Amino acid sequence: MSAADEILDIVDENDHVVGQSPRGEAYARGLRHRCVFIQARDPEGRVFVHRRTPTKLVFPSLYDMFVGGVVGAGESYDDAALREAEEELGVTGLPRPEYLFKFLYDDGAGRTWWSAVYRVRCDLPVRPQAEEVAWHDFLAQDEVERRLREWEWVPDGLAAYERLRTHLARG
């Protein structure tokens with residue numbers, strides 16, 4: 001089964017399930033669905049940053065400071081966060097990511113999804129999926145901030161990052 005065939009729950013503006021659709025159709029028709037964003041940090045506190053492969057359905061070749069992806073039909077945000085973090089980092093045995101908050105991402109151009117933001121500490125050596133990740137590294141926070149002005153980032157990840165900074169600043 002291809003990624004475009006994966007079945008997703010379609011949700012309303014209140015994150016209630018209103019139907020199901022294959023992922024490719026949900027993207028093509030701009031149907032609201034669910035996603036998870038997990039900020040992974042190494043034992044030194046550096047952030048996992050990667051560049052997406054050119055074959056990704058959404059935002060190909062752009063940089064991201066989160067791992068994550070879509071929540072499958074009937075899957076919980078928490079289960080999706082752990083599954084996606086382990087898949088994208090190429091590890092098994094991660095601790096369950098810590099849920100922080102949720103927001104509705106909407107770019108005004110037909111891309112909209114409920115976005116649950118998590119964080120996790122990864123003490124394991126990472127082996128990201130070659131089909132998902134073209135480049136990766138753990139970067140210090142100040143370098144992430146500097147690269148925000150230099151690299152082209154996924155817009156939903158930037159939206160999640162801005163909200164995460166605000167969330168963490170509130171303590």
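These legends describe close-up views of aromatic pairs and salt bridges in a predicted model.

**View A. Y99 and Y118 pair edge-to-face.** The model holds eleven aromatic pairs. Y118 is buried, at 1% relative accessible area. Y99 is partly exposed, at 42%.

**View B. F101 and F103 form a tilted pair.** The two ring centres lie 6.4 Å apart. The planes of F101 and F103 stand at 35°, so the pair counts as tilted. F101 is buried, with 12% relative accessibility. F103 is buried too, with 7%.

**View C. Four aromatic residues form one cluster.** Its members are Y63, W135, W151 and W153.

**View D. A lysine charge sits over a tryptophan ring.** The lysine is K102 and the ring belongs to W114. The charged end of K102 is 5.2 Å from the centre of that ring.

**View E. E6 and R23 form a salt bridge.** A search of the whole structure finds 18 salt bridges. In the one shown, the closest N and O atoms of E6 and R23 are 3.0 Å apart. The pair links distant parts of the chain, 17 residues apart. E6 sits in the segment before β1 (7-11), while R23 is in helix α1 (residues 23-29). Both E6 and R23 are buried.

**View F. R165 and E145 meet in a salt bridge.** The N to O distance is 2.5 Å. R165 lies in helix α4 (residues 155-170) and E145 in helix α3 (residues 141-148), so the bridge ties together parts 20 residues apart in sequence. R165 is partly exposed, at 31% relative accessibility. E145 is also partly exposed, with a relative accessible area of 24%.

**View G. Salt bridges with shared partners build a network.** The network joins E75, R83, E84 and E87. Within this view, the side chains of R83 and E75 meet in a salt bridge, 2.8 Å from N to O. R83 counts as partly exposed, at 24% relative accessibility.

Conventions
Residues numbered from 1 in each chain as written. Predicted model: local features only at pLDDT ≥ 70, side-chain atom pairs only at ≥ 80, totals over all residues. Heavy atoms only, no water. Phe/Tyr/Trp six-rings, centres within 6.5 Å; stacked < 30°, edge-to-face > 60°. Buried < 20%, exposed > 50% of the residue type's maximum accessible area, 1.4 Å probe, protein only. Lys NZ or Arg CZ within 6 Å of the ring centre and 35° of its normal. Salt bridge = Lys/Arg side-chain N within 4 Å of Asp/Glu carboxyl O. Helix = DSSP H or I, 4+ residues; strand = E, 2+ residues; numbered from the N terminus.
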